[in-house]
Structure formats: C-alpha cells, structure tokens
Amino acid sequence: MKLSKSIEELEYSQALESDKEAMEWLESNGRKFGQFIGGEFLFQKNADQIKVTNPADSSVLAAIEVADDKTVDLAVTAASKSQKSWYKAGGHARAKVLYALARLIQKHARVISVLETLDNGKPIRESRDSDIPLAIRHFYYHAGWAQLQESELAGQEPVGVVAQIIPWNFPFLMLAWKIAPAIAMGNSIVLKPAESTPLTAMFFAQLCTEAGVPKGVINIINGAGNTGATLSAHPNVNKVAFTGSTAVGRAIRKSTAGQSKKLTLELGGKSAFVVFDDADLDSVVEGIVDAIWYNQGEVCCAGSRLLIQASVEKKLVAKIKKRMETLRFGTPLDKSIDVGSLVSDKQFEQVSHLVKSGLKSGGNLFQCEKPDSSKNYYPPSIITDVDSSHPLVQEEIFGPVLVIMSFRTQPEAIQLANNTRYGLSASVWSENINRAMHVAPALIAGVVWINCHNKFDAACGFGGVKESGFGREGGKEGLYEYLKPIQLKYKTTKGASVNKASSISNVQNSTSSEIDRTLKFYIGGKQVRPDGGNSIPALNFDGSISAWVGQGNRKDIRNAVEAARKANGWASKTAHLRAQVLYFFAENLTVRKDEFIKRLMETCGVKKPEATAEFNATISRIFSYAAWADKFDGAAHDAPYRGVTLALPEPIGIIGLVAPDHQPLLAAISLIAPAIAMGNRVVYIPGEQYQNIVLELVSVMETSDIPGGVINIITGDKKELSSHLAGHGEVESIWCWGDSDLNKNIESISVENLKRTWCHENNDRDWLDINSGEGTEFLRKATHVKNIWTPYGD
Ligand code: NDP
C-alpha cells in the first residue's frame, strides 16, 4: 500500500542535455554571425544587427548581421557564377557532396539538436529524435536522386539560381527540405533563415566547406523580412521556394509576378483530425499529442481542429483531459519534457491574443496550467462548444491550441473537415479500412494520414492546396519543382498574322456567304449567346470574315466557371471512362477531317500539307492523352515506418486555359486534353487571332459524350477574359500563353486565391513538336500529388 502510494507520488527530476558544446561553438564564433557567401563568412561594415535569444529564458545567444541589398546581390551573383559548373559536374559528383553533408550532420547531430532547442525553444527530445534525423534522411535521399538524375530525370535541367526562405518552426529541417533537392538537381541556392532562428543554418554553413560544396553553390544570408523580400524579387533569381505565413506567401506572389520565376509556396494550415466512432480511442489520444502538442503546435500541418463523431465525443474528451494532466513542461533542454517554449515573445503574444479574442465569440477553454510569459510557455489547451465559423476554428493559431467539434455522419465529417480556406493536411481515425480509404481521398488536402498524424519522410511529397499554397517538397514530385524541361523550343509563329487593318473594312464589304454565321460560346454543354449580346468578327487570313463569335464578359466567365463547378462528377469518373470519351472525341473529329483542314488553311493561311499535319497531330494528341488517362498514376512509397504511403495524382479542379495564337486547333487540344484526361474541368479562352476554329469543335464535343461543363469555351478579348478568370476564386489554376504584360497581369491577379499559374510567352513552343507540345509536363501541371499515409499491423 505504502509502496504503491509512493510510486504514484514519484516526481521526475530534471534530465538536462548539456549545452556545453553548443555554447563553445557560439563562443568560438564570437557569438556573432554575418553572411555565408561564395564559401566565405562575410561581415559588412556598420551592418544592422538582430539579437538571437533563447525563448525559454530570454538570454542572448548571439547576434546576426542584416544583409543589405548589396549583400543580397552578392549572394545571388555567387550562386549564379557557380551554378553551371555545379550542374556540369554531373549527378555522381553531386551525390557525393550530398552524402558527405548527410554524414557530417550525423556526426554533429547532438550539437545541432542542442543549438536548435536553444534557439527555438522546442524540446530536445523532438530536435534530437525527429528534426535532425529527418534532415539527415533528406540529404541521403536526395544524394540518391542526384546519382539517378541523368537516367531517371532525363530531359530536365536545373532552373538555375533558387531563393529559399524558411520559417522558424523547424529551422534545420526546413533548411534540409529546401537545400537537398535543389542542389541535388544542379541548382545553386541562396537561403534566408528566419531572423529568430538562424543558428543551425550558420552551423550548417561551416559544414558545407568540409563536405566539399563548391564555393557559391550554397549561400546563406541573414536578415529580417525585407532581406527576404529583396532576395525573392531579385531579377537573377529563377525560382523562389518559400515556407511561412499565407500573408507573406501572397506578398511574394505579387512581387514576383511577371518575372518568369518558378514559385512554390508552402503556407499555413488548419488541419482536421477526424475521429470516427470505430476508432481506437487510446491511440487517438496519443495521435492528438503528436498532432497538436508536438513542437508546441507551431506546425503548419498541426491537427488543430478535432472533429469527433458525436457518440464518442464525451468519452474521448474525458480521455484527452486526463492525458493533458500528464504532459510535462520544463526547460526545453530537459530530456523528459513534452512541451517546450513558444519561439518568441511575439509568438506568445499572438497565441494568447488569438485565444482571448476568439473566446469572446463563445467557447470553453480547458488548460491544466496557466501560461507563463517569462518562459514563453503556453500550455496545451482545448476549446469546446464552438461552431465551424468560430474564429478559432478558421484562423491558424500556430500554438498548442486544439478546438473540438462533433459530427454525426460521415458526409458531415467530410464537409466539416473541408470547411476551411486551407488545404494542407488532415488525418482520419477509424479501425475500418474501407471507411478510412473512402474518406481520405475526399479530404481536400495535400497530405492525409490514416490513424497517425505529423508523419514525414523525404520520399513522400509534402505541400498543400487552396490557401495552403502550391508545389511539393520531397518525393519525386518535389524534384520537378527544381527542374525545367530542356526541350522547350522558342519558335516563331508558323501561321501568318491576319491583316487586321484591312479587316474592318472587309466587315462591311465582305460578300462571304458565311458572314451571318455566329458561333456561340460553349457553356455547360450548351451553345450559349454572349451575356452582353455583342459579337465580333473572326477573320480569315486574307481579312475576310470567317464567322462571328461572341464577345465575352465577366458574367460569361462566371457562368462558365459555375458550369464547370457543377461538372465536378468528372473527377470521380474512372480513368478508363475518361480515356473512352477522349477516344470517341478523336473518332468523331476524324470524320470532319477535310472540313477542319480547309478551315485551317483559310483561317491561318497555311498550305494543305501544314494544315493536314496539324490536324493529324491533333488526333494523335487526343490519343496520347486518352492513353495517359489510366497510366499517369501514382506510387506506393516505402517510407521508414510500418505502412505504405500512397502518392496519388489528383485533379486540380477548374483550370483556366488562355491559349496561344498559333496552331489554333492543335494548341487547343494540347491544353484541353491533358487537363480533362486527369479529371479537371476547363474554361478555355482561345488566342485572339483564330477564335472560330475552337468553336467549330463544339459540335464535335457535343456528340462525344463529354459531360456538359467539363469543357467551356468563351471568346472575346483575351486580356479582359483572362483577368476575370484569374480573379475568380473557384478557378484553381491558370495556364497562359500570352505576352509579358498579360502574364504579369495574370500572376498579379491570381494572388487572391493563390492560384497555381503556369505562364509562357505566346510563341514559346511549336505544338507540332512532340517533345515540347505534349507529355508528362502537362500532366504534372494538371494534377497535384496527395500523399496518404497508411500504417498497418496490429
Ligand atoms: P513569416 O511568414 O513572416 O516568415 C517566414 C519567413 O519569411 C521568414 O524567414 C521571414 O523572415 C520571411 N519573410 C517575412 N516577410 C517577408 C517578405 N515580405 N518577403 C520575403 N520573405 C519574408 O512568418 P512569421 O515568422 O511572421 O510568423 C507569423 C505567422 O505565420 C505565425 O504565427 C504562423 O501563423 C505563420 N507561420 C506559418 C508557417 C508555416 O510553416 N506554415 C511557418 C511560420 C509561420 P523573418 O523571420 O526574418 O522576418
């Protein structure tokens, strides 16, 4: 009796990890860091400085210099100078350097973990057992891809100089996520860590020299938001990879618009943690600890919205509260604590403020301890009795705060889970595999975990949809973010331009028998008149009128998008069925071969052999994407856990297609076919010169079993229509072939709902060339990969 009582009363004593080595390292650097550029550590004269503090006790660890504009330029120039020779060195040479980096990090894992914990406030248990091992895995994994690049990624080349901007929640892991794939593929990088957590990046910089990273391939610059802004907008940067808040992601999208930069944004989240009544509730409780109290909830994919099936809600909430009593807080270097300090006073204030102001709208807060601002300790918290529109349910808190709601039925659970502007991740908890595998694909998110949460691996892509950003990091899909196709050819227009000046008079003078033909829009499977009632002449090459076409406006675009939304059943049709529809379309188009060849000749001014070649290539292209429909499938990743991660390419949703002016028939099919083969719905805006050709396809589409709303076509002013499309909140992606003004306009307007944009110069490719006009590049743009983690075993 006595013994059992004293066991119950046993207290943990501190088990502190020593910070001696880390402190010595800081001292050896005079506790001051400048920039790592061209393989050297540089200090500027009279540079602004930022103090780096330990959030757990406010002690000053070091100071960093703020890189000014000149220094940013220096870093970009160093990266630019080194990049070509780094790529030319070949995959094996790069693999050896990445391997050396992995080995060196492994050798210094302890000191890096301690530095990370001192700098960030996260428990040493997490930096030691999760962050640093995962970072090492990223370097090993990508050393492998460097080795295999020439054979497995043939036809692709590095994008060039990459700017990488990372946040403070996983400073070293994010560095590894960003740097490893970029340099593996032959890019050079300039990385900017967050101003509050730069120390492990500085340690890493010292390892670079030892690992044999050539000078200038990896550059690391310190500074605050302005430094990041200057870096991302630098004209010699070819790609920006950003992780951080949605607000800054938007700012970067805006500042880089029209610069032909590649962009990946990994932004915020408000992930659902969905528990069905058949889940193992004890596992669920441990899953919640991993989902929302891991890293103090400062995790973009934290499971911050707990949705519980009503019949088990009471029971589960009681279990969670009991578990909360056992979570231990203490100094982050204590090896036996669960929850550390928030990263900064600012973050502590932000979490406290969000919770306080959110509670004014109702809800009950449960905490086992009080917040302690002197240590930036915010206790694990749950909030109950809120509805789905409550600010605490909608806003990313980025702290250890879990809001709890209930649902009755499976459809309601899916609806609630998807009721957010974010789409980064979610988890499903059920012992019924049929249910879990049904719900996981229905959740709008880039990553879904089944019966687990916050699992990561280098082989499994990570990234979001909607306002959680776009692009993937990790996995093969992550490599393409740092590559571009080699075969892109820049050719001039094949067909000749219409003489517009002479055409206006021809409108009056034309005696063409077809002058009264008015081709309507194609919306929702029907031929529709323009909302404004206006038509414009579509001209033949010689200036005569081929037909009249509608002049679309904002309302027409709205109607087309609405029709596309209603056709969402297309995404769940089988790939086999989508292929059959495409084949049928090709079959019906072939019947009209002579007519289309004649139209191409009249409209584009090309000779019969060229028109015939374009028509034949069009049929072949439809066949290609019909073939791909059931072959562009996913992968099953062998990540280091007992389970399988399914990487499934999913359609993006509604894609706006703004077409080039030349090769109008083939260009249309080259854009529409891959998009719809993958299950998307499209709104197509033809190039201005040959608008009629695409509308002539409508009668073929109508007879080819393509469901209404899957393809919608609006003609008119390309700039005006594409602006409406780019501004439409339900259009998830835009592919555009236009001049630089048009592209800039589209990228700027797309900021609102953070659309994926894929913009090109009008004449950047010859659609007849199979290497640039067709292929997996288009299919990758038509999909994003969802990784579904599925553990198994008893
Ligand atoms: P930010 O998005 O501001 O910071 C992320 C990175 O971007 C940092 O390196 C930052 O530099 C840099 N940065 C800031 N402004 C610009 C700019 N205009 N152009 C380019 N780079 C810029 O996140 P915060 O640190 O301010 O955190 C605010 C909130 O963002 C958090 O409370 C959380 O909700 C969310 N967040 C989300 C993350 C995620 O992974 N989804 C990660 C971090 C934060 P510096 O730090 O030096 O200012």
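View 1. Lys20 and Glu24 sit 4 residues apart, about one turn of the helix, in helix H2 (residues 20–28), where helices are DSSP runs of H or I with at least four residues, numbered from the N terminus. Glu24 and Lys20 form a salt bridge whose closest N and O atoms are 3.2 Å apart, the term meaning a side-chain nitrogen of Lys or Arg within 4 Å of a carboxyl oxygen of Asp or Glu. Lys20 is exposed at 55% relative accessibility, while Glu24 is partly exposed at 43% (buried is under 20% relative accessible area, exposed over 50%, partly exposed in between; 1.4 Å probe, protein chains only). This is a predicted model, in which local features need pLDDT of at least 70 and side-chain atom pairs count only at pLDDT 80 or more, whereas totals for chains, interfaces and linings use all residues. Residues are numbered from 1 along each chain as its sequence is written, and side-chain values use heavy atoms, with hydrogens and water left out.

**View 2. A salt bridge between Lys555 and Asp531.** The closest N and O atoms of Lys555 and Asp531 are 3.6 Å apart. Lys555 belongs to helix H19 (residues 554–566) and Asp531 to the loop between strand S23 (526–528) and strand S24 (535–539), so the pair ties together parts that are 24 residues apart in sequence (strands are DSSP runs of E with at least two residues).

**View 3. A salt bridge between Arg565 and Glu730.** In this pair, the closest N and O atoms are 2.5 Å apart. Because Arg565 lies in helix H19 and Glu730 in the loop between helix H26 (718–727) and strand S31 (733–738), the pair ties together parts that are 165 residues apart in sequence.
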